[in-house]
Structures are given as structure tokens and as C-alpha cells.
Amino acid sequence: HQELVSCVGWTTAEELYSCSDDHQIVKWNLLTSETSQIVKLPDDIYPIDLHWFPKSLGIKKQTQAESFVLTSSDGKFHLISKLGRVEKSVEAHCGAVLAGRWNYEGTALVTVGEDGQIKIWSKTGMLRSTLAQQGTPVYSVAWGPDSEKVLYTAGKQLIIKPLQPNAKVLQWKAHDGIILKVDWNSVNDLILSAGEDCKYKVWDSYGRPLYNSQPHEHPITSVAWAPDGELFAVGSFHTLRLCDKTGWSYALEKPNTGSIFNIAWSIDGTQIAGACGNGHVVFAHVVEQRWEWKNFQVTLTKRRTMQVRNVLNDAVDLLEFRDRVIKASLNYAHLVVSTSLQCYVFSTKNWNTPLIFDLKEGTVSLILQAERHFLLVDGGGIYLYSYEGRFISSPKFPGMRTDILNAQTVSLSNDTIAIKDKADEKVIFLFEASTGKPLGDGKLLSHKNEILEIALDQKGLTNDRKIAFIDKNRDLYITSVKRFGKEEQIIKLGTMVHTLAWSDTCNILCGLQDTRFTVWYYPNTVYVDRDILPKTLFERDASEFSKNPHIVSFVGNQVTIRRADGSLVHISISPYPAILHEYVSSSKWEDAVRLCRFVKEQTMWACLAAMAVANRDMTTAEIAYAAIGEIDKVQYINSIKELPSKESKMAHILMLSGNIQEAEMILLQAGLVYQAIQININLYNWERALELAVKYKTHVDTVLAYRQKFLETFGKQETNKRYLQYAEGLQIDWEKVRAKIEMEITKERERSSSSQSGKNIGLR
């Protein structure tokens with residue numbers, strides 16, 4: 001352009017429009033490197049901001065944006081078609097219209113101006129409301145992820161105002177100079193701001209600072225999030241910077257551009273365009289991304305080339321692709337790469353013959369891998385494929401928006417897909433991987449607070465599949481995935497947890513807790529014996545990771561953590577718990593005990609105790625509990641062994657794990673009514689004990705006798721109306737009660753011995 005370029009916008013991943021103070025709108029085609037003038041605007045229109053009407057989500061990738069809004073210095077905004085025809089010009093503000101943005105659905109447009117007003121318009125350009133007005137110009141505006149809030153600048157302040165009247169407005173001082181640009185990402189819900197104080201900052205949606213840059217030499221004139229929220233770009237005078245979402249900088253370029261007034265990311269997030277003060281448009285591609293797994297390191301060296309290095313023997317392979325690489329993932333001995341049209345699956349054993357299949361949509365925004373299959377997310381849906389390239393399933397739920405899913409809100413295991421919903425943040429959808437249908441009886445997993453991050457465990461049986469999640473209070477919970485009838489408990493594992501990961505080889509969970517790095521060697525302990533949970537943990541100081549670290553991966557016994565400054569730290573944890581998991585899963589109890597005796601660590605014995613109780617192996621449980629000094633449990637296990645019938649044994653094992661209702665149910669189903677009443681008496685569940693006695697018309701006097709003894713011991717009077725009602729005129733004879741109890745026990749013994757002899761006859 002002849003004059004400064006004020007704004008740029010992509011229509012497809014290969015086509016860009018730019019507007020300049022020379023009144024021209026120019027189209028750039030990157031495939032053919034052609035540039036053509038679309039339209040010359042009237043001389044009194046100086047364009048300031050441009051935003052393409054959003055493509056409707058989930059339609060074939062060739063649908064391009066068909067029209068855009070252009071705001072200008074004469075107080076109007078113009079709706080202009082792709083061919084350059086001005087469809088409509090609307091008087092909007094006194095003084096220049098400094099920014100205009102469509103919401104995500106394309107149902108509303110927000111404009112801001114020098115007159116300090118924020119106005120909401122309909123799709124056709126009719127004024128709906130004036131959201132706010134203030135005394136200072138509003139330089140920049142952004143929609144919230146759900147299109148229900150608007151973020152705008154007011155001098156040095158940032159303001160988030162919901163569209164609903166009377167809703168709470170959030171306002172905070174963000175910079176020491178005037179704020180020039182803001183952006184709000186719909187995937188990670190984070191806010192970027194840039195100001196004349198020469199700094200750029202990252203905030204969460206509550207206005208809490210997450211990152212604060214060093215002052216640059218010149219004011220920061222533009223910032224923009226990549227569509228998937230993993231990266232952002234920063235523009236200043238002769239400066240272009242690429243940063244991670246946590247704020248640290250990947251790369252700094254010093255192009256000869258003047259100030260970069262506007263940055264736009266292409267739809268697939270692989271390249272950016274910048275509007276430069278010297279009349280140029282600058283284009284840049286993101287390269288050098290790296291993926292690591294065990295001994296392999298993969299680097300994207302050029303847009304269509306990857307380099308694979310095996311660090312064990314320094315062998316290097318080059319992988320060439322037909323189109324540019326958009327996303328990749330390396331895990332479970334496979335590299336999955338999506339280009340603009342195809343998906344490639346490489347096995348780490350053989351880099352020469354990838355499996356290739358065509359993609360429906362094109363722009364893949366997320367790849368997740370499990371041992372048996374992988375998941376692709378794009379604008380149209382969620383697709384599960386096997387590593388042989390066979391399509392398996394595509395889960396769907398009402399109101400699904402795939403453009404805002406990321407690795408924290410979707411989780412994949414060999415048999416389950418979990419997705420955190422955006423409409424209701426307290427809900428997790430669970431799907432069967434093989435069919436894409438809702439799991440179990442289709443009940444959703446719902447929690448009392450908003451959920452931030454979810455993760456499924458990777459190993460073990462489908463019935464034991466667990467999901468761990470962090471809620472907005474930073475509490476870590478675990479619950480079972482299978483949802484049939486009975487409400488599964490959601491149990492708290494820890495507090496102040498910022499990030500978590502499951503191991504890929506066994507069900508060990510690690511997380512960063514406040515100032516500690518914690519490993520839960522056997523998280524299922526909470527279902528078996530919550531008292532010994534602290535003994536199954538490994539903790540170490542995490543102050544070396546500085547603040548806001550993030551767990552990148554947990555492969556084998558190696559945990560990789562990225563610190564806030566971008567550096568990677570590797571931690572090795574003990575290999576023994578993983579070996580213990582392996583022994584227990586193949587029921588090698590003697591080997592497990594031998595391993596614990598060899599290692600001589602309390603955490604190992606505690607894990608073994610919990611595993612043994614979970615698998616009903618009481619002999620091993622007794623040895624393990626004795627080793628960690630839980631004498632009361634050892635005695636209880638001994639008393640269980642002496643019980644006459646297998647139902648009684650089973651019920652008491654369940655009681656050891658705290659499952660009282662299940663224990664009672666087993667006894668009642670086996671017809672052992674007295675034993676069911678007795679466990680309630682032992683636990684002082686007086687109401688329930690009497691209820692059972694009355695319901696089955698047996699042992700009412702026994703319950704009353706124990707109740708009377710209990711009250712006498714504590715010197716109290718009976719106040720419970722039901723007990724008073726049944727005790728009326730009843731003389732308690734302890735001799736009779738004891739005789740009845742003896743009879744019950746004898747009956748149970750006879751039953752179990754007759755069932756045993758029945759078995760023996762069968763064997764003969």
C-alpha cells in the first residue's frame with residue numbers, strides 16, 4: 001500500500017484482505033502469490049478496523065467468509081461483500097469508529113468509538129442497544145467466549161460488561177499507560193492486553209494477572225490469540241513476537257515494518273499477517289514446534305517437513321507432506337499428523353510407510369491419543385480413529401461446540417471419551433469409545449462446582465475406569481466412570497491442585513499441589529480404605545518449578561513439567577509402584593509381597609494393602625496392614641476369616657472399605673437377616689436396626705435389649721418414639737435373647753457346611 005496499513009483479515013487459510021489509509025482494499029492470494037485491488041473506497045473513508053463475518057461452524061472447509069464489517073474515521077461502519085460492494089453504511093459514533101467485532105455466532109456486532117460509547121448492532125446493522133458510555137475513547141473491544149459479555153478498554157482500565165442489564169460489571173486497572181489492544185480467547189478463556197506502557201499482559205476472565213511482560217522500547221500496538229489458544233502474537237515498532245499462552249516468548253523477529261497495528265491469525269492457526277505502519281503487510285508462519293516421547297524427538301522444520309530424531313542411536317528421518325502441517329501428536333508409539341487435507345499416522349517402528357486418510361473438514365484443532373486409538377477434533381465434530389486408520393465413532397451431544405475444546409476439557413482412554421461441557425461447566429459427558437453412545441444409563445457426571453480440567457486413567461479394566469478432575473476451587477476429585485443406577489461417589493483427593501496427569505503405563509496420578517509435587521500411587525485407595533491414603537502418597541518440594549508450572553506428560557516413571565518461563569524440568573519417580581500395579585493386575589500376590597519386602601517402603605505396603613482389599617485377597621491384606629502397623633485392621637481381618645459363611649465374610653470385607661449399604665444388602669439377599677441387623681447395632685444405626693427387625697418380623701426384642709443396654713451404659717433415658725412404642729409392656733429376657741443369637745449363628749454354620757458338602761457331592 002501507499003500509506004500505512006490499518007487492518008487485515010483472513011477469508012480462508014490462503015487468502016487475506018488488507019485495508020490502508022490509501023483507501024484501497026487489497027486481496028492477497030498466498031498460493032499463487034497474486035495481489036489484486038478489490039475496491040477503492042471514497043476519499044473521506046479512512047479504514048480503522050476490519051472483521052470478517054464468522055463462517056457458520058461445522059460446514060465444509062471451502063465455505064469462506066462472504067462479507068466483512070469495516071469501521072472508519074468518519075463515524076460509520078460499512079458492511080462490505082467479498083467482491084468489494086458496500087452493502088450498507090451506518091452512522092454509528094461521533095468521531096472515528098475505533099473497532100468493530102462480530103460475536104462467535106454472527107448474530108451481533110459490537111462497535112466502539114472515540115465518543116466513548118459501546119454499541120451492539122444486529123446482523124443487518126440495526127442498533128440494538130448502547131451497552132455503555134464513558135468520557136474516554138474506547139480503543140479496543142472483544143467478545144467473551146459465550147458471546148454474553150464484552151471486554152473493552154477505558155484509558156488504563158479494562159472493563160468486562162455482561163449484555164444482561166443489572167449483571168455485575170468487572171473493572172480493574174491493567175496498565176500504567178493507555179490500553180491500545182485487547183483480545184479474549186474462546187478456548188482457554190484468557191485475556192490479552194497491550195498498552196502504551198510498552199507491556200503486554202495475560203489475565204484470566206476474573207481479571208487476575210497471570211503474566212506481565214518486561215517493558216519494551218516502544219508501545220505495544222497489537223496482540224492476537226491463535227484460534228486454539230495455545231499461542232499469541234505481539235506486535236510493536238519493528239517488532240513481532242510469538243508467545244506461549246502462559247506468557248513466555250518463543251521467538252522475537254525484528255522485521256522492517258514500522259509499527260504493526262493489527263495482527264490476524266489464519267483460521268488453522270499456522271500463520272499470521274500483520275498490518276504495518278510503512279504500508280507493508282507482513283506474513284509469518286509458525287515453525288519449529290517440537291514433540292517428544294521416550295527416545296524420539298520430532299521437530300517441524302518447515303511448513304511441510306518434519307525431522308524425527310532417535311536419541312538412542314542418533315538416527316534421523318525426514319518426513320515430507322503434501323500440504324502444510326496443522327497439528328501433530330506423538331504418544332503411545334505413534335505420531336499422528338494432520339495437514340490441511342489429510343491425516344498421517346506413523347508408527348515409531350517404521351517411519352517410511354505412514355497410513356494416510358482424507359479428512360472431512362480440514363482444520364483439526366486438537367489431536368488426543370490413547371493406546372488403542374486417537375481422537376480428532378475439528379469445526380464439525382469429534383472423530384475417533386484406530387491407528388490402522390479405521391473410523392470408529394463420533395460422539396455427539398446437544399449444543400456441542402467443538403471449536404472450544406482443548407486438552408484440558410476432553411480426555412480419551414481405551415474405552416471411554418470424556419468431554420467437559422461449555423454450556424454447563426459443572427457437567428462432564430461420558431461416551432463409550434467403540435460406539436460413540438453415552439456410557440451406561442446415559443446419566444451425566446455432574447459436580448457441585450465448575451470443572452476446570454479432566455483426565456481419564458489409561459489402564460485397567462473398563463469397569464474400574466476412573467476420571468480425575470480439578471474444579472474451580474482447585475480441589476482434585478476422583479470418581480468412577482461407569483454410571484449404572486447407583487450414584488457413584490465423587491471423592492476428594494487433594495486441595496490446591498493446579499495441574500494433573502495420569503501415567504500411561506499404570507494408574508498412578510501426579511499433580512502439582514500448592515508448593516508440593518504429589519504422586520498418588522494408588523488413587524483407588526479412597527474407595528477401599530481412606531485412612532491409609534496419606535501413606536500411599538509421594539510428595540516432594542515444588543518450589544524449584546517457580547509459580548504456575550504445568551505438567552506436560554507422564555510417560556513411564558518420568559514426569560515432564562514446563563515452568564512459567566518455558567523451560568522443561570524432568571522428574572523421575574520410583575519405578576516400584578508401577579511394578580506393583582503390574583503384579584496385582586495379573587494376581588501375582590506372592591511376587592507383590594516379595595517386592596514390598598525388598599523395597600522396604602511404607603508407601604509400597606500401604607498401596608499393597610489397599611490393592612489386596614480391593615481385590616478381596618485377605619491373606620495379602622493382613623501381611624500388608626501388619627507391615628504398616630495398622631493393628632486394628634489386622635485383628636478385624638482375622639475376625640473376618642473366622643466367620644462361618646462366605647456372604648458374611650464378603651459383607652465384612654465391604655464394611656472394612658466403608659460400604660455399609662452394600663454389606664447389608666448382601667446379607668439380606670442371602671437371608672441372613674439377623675446378621676444384617678447386628679451390623680447396624682454394632683455401628684449404632686439404631687433406627688435402621690429396628691426398621692429391619694420390624695420389616696422382617698424377627699429379633700425386635702434383640703434390638704430393644706441392645707438399645708436398653710446401650711442407654712444404661714451411658715445413664716440416659718429413652719427418647720426415641722419408635723423405641724418407646726415397641727418397648728411398651730415388653731420385659732427383656734437376656735437369656736432368651738442370647739439363645740436366639742446362638743441359634744442364628746448355628747443356623748448360618750449349618751447353611752455354609754451344607755452348601756460346602758453339596759459342592760463336594762457335585763465334584764464326586
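Biologist: Which class does Asp 189 fall into: buried, partly exposed or exposed?
Modeller: Asp 189 belongs to the loop between β17 (179–184) and β18 (191–195); strands are DSSP runs of E with at least two residues, helices are runs of H or I with at least four, and both are numbered from the N terminus. Buried means under 20% relative accessible area, exposed over 50%, and partly exposed in between (1.4 Å probe, protein chains only). The relative accessibility of Asp 189 is 23%, so the class is partly exposed.

Biologist: What pLDDT do local features need in this model?
Modeller: Residues are numbered from 1 along each chain as its sequence is written, and side-chain values use heavy atoms, with hydrogens and water left out. The model is predicted: totals for chains, interfaces and linings use all residues, side-chain atom pairs count only at pLDDT 80 or more, and local features need pLDDT of at least 70.

Biologist: What is the phi of Glu 288?
Modeller: Most residues other than glycine have a negative phi. Glu 288, in the loop between β27 and β28, is not a glycine and yet has a positive phi. Asp 189 also has a positive phi, about 60 degrees. For Glu 288 the value is near 70 degrees.

Biologist: Which residue in the hairpin of β28 and β29 takes a positive phi?
Modeller: β28 (residues 290–293) and β29 run antiparallel and are joined by 4 bridges; two strands pair if DSSP finds at least two bridges between them. Trp 291 stands opposite Val 298 in β29. The hairpin has 2 residues between the strands, and the positive phi, near 50 degrees, belongs to Lys 294.

Biologist: Which residue in β30 stands opposite Val 298?
Modeller: β29 and β30 (residues 305–310) run antiparallel, with 6 bridges between them. They form a hairpin with 2 residues between the strands. Val 298 is placed opposite Val 308.

Biologist: How many of the 7 residues of strand β29 are buried?
Modeller: β29 covers residues 296–302 and is largely enclosed by the rest of the structure.

Biologist: What is the bridge partner of Ile 260 in β26?
Modeller: β25 and β26 (residues 271–276) are antiparallel and joined by 5 bridges. In β26, Ile 260 is partnered by Cys 276.

Biologist: How are helix α4 and helix α5 oriented to each other, roughly parallel or roughly antiparallel?
Modeller: α4 (residues 602–614) and α5 (residues 618–627) pack with axes 8 Å apart at an angle of about 155 degrees. Axes are lines fitted to C-alpha atoms, for helices over the stretch in contact, and angles run from 0 to 180 degrees between N-to-C directions. Angles under 35 degrees count as roughly parallel, over 145 as roughly antiparallel, 65 to 115 as roughly perpendicular and the rest as oblique. The orientation of α4 and α5 is therefore roughly antiparallel.

Biologist: What is the handedness of the crossing of α9 and α10?
Modeller: The axes of α9 (residues 673–682) and α10 (residues 686–695) come within 8 Å and cross at roughly 160 degrees, which makes the two helices roughly antiparallel. A crossing is left-handed if the near helix is turned anticlockwise from the far one by less than a right angle, and right-handed if clockwise. The crossing of α9 and α10 is left-handed.

Biologist: How far apart are the centres of domain 1 and domain 2?
Modeller: Domain 1 is 5–53 + 65–285 and domain 2 is 655–754, with bounds from an automatic or database domain assignment. Taken over C-alpha atoms, the separation of the centres is 73 Å.
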